[in-house]
Amino acid sequence: MNQSDKSPASSEAATSIPDASEPVNGNDHHARGPFLGLAVGSVGVVFGDIGTSPLYALRESLHHAADGGITRAEVIGVVSLMLWALILVVTIKYVMLIMRADNDGEGGTLSLMALTQKVIGRGMNISFFLGVMGAALFYGDSIITPAISVLSSVEGFKIVTPVFEPYVLPIAIVILILLFSVQSRGTAKVATFFGPIMVLWFLTLAALGLYHIADDPEIFSAFNPGNALFFLVNHGIIGAIVLGSVFLAVTGAEALYADMGHFGRSPIRWAWMCFVFPCLALNYLGQGAMILNHPEAADNPFFRMAPAWATLPLVILSCVATVIASQAVITGAFSLTRQAVQLGLLPRLEIRHTSDMLAGQIYLPKVNRLLFMGVIFLVVVFKDSSSLASAYGIAVTGSMLADAGLMFILIWKVWKWGLWPAIGIMTPFFIIDFAFFGANFLKLFDGAYMPLAFGGFLIVVMWTWVRGSKIISDKAKRESVPLGDLAKMLEKRPPQRVSGTAVFMTADPETSPAALMHNLKHNHVLHNTNILMTIKTSSVPYVAEKDQIKIENLSDDFRRIVATLGYMQTPRIPQLLASARRQGCEFELMQTSFFLGRRTVKASAQSGMPLWQDGLYIALTRSSANATDFFHIPYNRVVEMGSQVTV
């Protein structure tokens, strides 16, 4: 046996790439409860990002438009662009169309990818690359949202008194340090207050808007899309740059779809249509009317909307709202990472459950550290929210383009509406998304390169992990012994038998695990009961317990257990074996040993990848979580068998 080495991740116990099975629904895992409660909860979690956009969206848009002063037509045109961006991108594209596409109740880019791969197949196809692109760019959004949101709210203290100006950056950093440091304790208790606080926030947005709309009722002409088009046509390249800033008003729209499984489609839709969108529209109209009447307020229109006595309470409330928005993005990154690990896009990572009642309450220490370092780096480098605004947007537009591409495949191939209906439905959204992407691309050298570089690196990481894992899997399959052949060999030359049960974890249920072969070769023994166990990830988010376990008696010596889990479920070997016992697989857990293969991966110039990619894959395997931890196997019952393989 070889207890050596620093690469626990490449063991045979790794979960496999999703299989083609489609287990029954697991809807009992999804949101349940009173409709109003779910709608309020969605306001607290789903709409935090888009709900804090009024802090900076109109300010940044007018900043780019204000070349030689702001005219009335420019103010109305920019507000019109924002309103119609909310209507077209959020309401029509996401709320009315994309939210129709649910994978067993779950949403998000990876859920869309899993849905489309049911029809076009697994592997590195267009669906795979769109899913990987969307997921990678979401992480870019995850590091910018906390930075720009918290900074923009803390900058409100400068409106209260200029004395606070030198302390804005330190205060923002302290808030972010506290935010990331409490993640390990879970958000279940804090989340209880998210909904009511964000309801208060949106009511405040609406109240401030109503307070100022009377400043200049002409602002209502912003609902005329002609004003938006007139602005773009008459401002040329400046109009395109402004369009990139206008997109700040819809950042967070993808959260509507990604969090669908937590609250359900209807509560999110009704919360948006009846509450969130009207509040946002009123606030943008109010900011525009105030600027029409008081052009000097364009430097920070949101906080200048409040009366002097209410400025400090508004700043404090905005700080709380931005922390909630940041929390929602961080939690979303944890959830997305778990999906990516289960779908085989990333190596195993340590996942801690922070709630006994809510399966979605998880904490990933490594992801939390990486997000924290990225957020602090952005805050220190860019120093203020205006500079960060240039970096914001391009990651979100890229993610939305990926969603649109996957939705096109879904309409065409999965829903079978036909090619031309799919083209007719999605072309307007592709035009809008490409317009926003191009507008944000103009800010590439002003900071937009950072989320693109971060997302691009993650795309390479996911591609390398999937490609390297396939090479290792194919090589192991070629060098392994089929189970049928092994059973015949053992019948002719039976080894020494020992009491108890041995569970051999393997990614391929058709071949003999390397750990089993090493045990026979070096220890010359075979347990009385031998179980070959494989964990597979399905293309649905949840698999009901009664459909998770499949048991097959291969011979007197071997049984095969294939456990199929959804990509939102955590593999827990003791629980799965307990389920197998209830189905008639008899053994005593306290007399059971678990045999895991621990591979040492070496680079090879003759492999299917260049050496730099070999090196990256090896680094990923060494940083991967231990299989014992990942599968929640009792430590005192694990035996690891080492082997070496080249990639």
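Predicted model: local features only at pLDDT ≥ 70, side-chain atom pairs only at ≥ 80, totals over all residues.
Helix 3, which covers residues 57-65, is largely enclosed by the rest of the structure, because seven of its nine residues are buried. These buried residues are A57, L58, R59, E60, S61, L62 and A65. Several other helices take part in covering them, including helix 4 (72-97), helix 10 (225-246) and helix 13 (265-293). Helix 14 (301-304) and helix 17 (385-391) are also among the elements that cover the buried residues of helix 3.

Helix 13 also packs against helix 1. Two packed helices are described by the angle between their axes and the distance between the axes. For helix 1 (residues 35-45) and helix 13, the angle is about 70° and the axes are 8 Å apart. The two helices are therefore roughly perpendicular to each other, since an angle of 65 to 115 degrees falls in that class. The crossing of helix 1 and helix 13 is right-handed. On the side of helix 1, the contact is made by F35, L38, A39, S42 and V43. On the side of helix 13, S266, P267, I268, W270, A271, F275 and V276 take part. Of the residues in this contact, 10 are nonpolar and two are polar, while none is charged. An α-helix has 3.6 residues a turn, so residues three or four places apart point the same way.

Individual buried residues occur in other helices as well. E254 lies in helix 11, which spans residues 253-258. With a relative accessibility of 7%, E254 counts as buried, because the limit for a buried residue is under 20%. Apart from neighbours within four places in sequence, E254 is in contact with Y94, D141, V396, M400 and D403. P146 is 108 residues from E254 along the chain, and the C-alpha atoms of the two are separated by 16 Å.

L458 is placed in helix 20 (residues 449-479). L458 is buried too, with a relative accessible area of 14%. When neighbours within four places in sequence are left aside, the contacts of L458 are A136 and Y139. L458 and R265 are 193 residues apart in sequence, and their C-alpha atoms are 30 Å apart in space.

A buried residue is also found in a strand. T592 belongs to strand 7, which runs over residues 592-602. The relative accessible area of T592 is 0%, so T592 is buried. Not counting residues up to four places away in sequence, T592 touches T501, V503, F587 and R637.

Two loop residues have a positive phi without being glycine. One of them is K383, with a phi near 70°. K383 lies in the loop between helix 16 (365-382) and helix 17. The other is H632, whose phi is about 55°. H632 is located in the loop between helix 25 (627-630) and strand 8 (638-646). The relative accessible area of H632 is 26%, which means that H632 is partly exposed.

The cysteines were examined for disulfides. A disulfide is a covalent bond between the sulfur atoms of two cysteines. A pair of cysteine sulfur atoms within 2.5 Å is counted as a disulfide, and by this rule the count is zero. C274 is in no disulfide, as its nearest cysteine sulfur, that of C279, is 11 Å away. Another cysteine, C585, is buried, with a relative accessible area of 2%.

Methods: Residues numbered from 1 in each chain as written. Heavy atoms only, no water. Buried < 20%, exposed > 50% of the residue type's maximum accessible area, 1.4 Å probe, protein only. Helix = DSSP H or I, 4+ residues; strand = E, 2+ residues; numbered from the N terminus. Contact = heavy atoms within 4.5 Å. Axes fitted to C-alpha atoms, helices over the stretch in contact; angles between N-to-C directions. Parallel < 35°, antiparallel > 145°, perpendicular 65-115°, else oblique. Left-handed = near helix turned anticlockwise from the far one by under 90°. Nonpolar A, V, L, I, M, F, W, Y, C, P; charged D, E, K, R; others polar.
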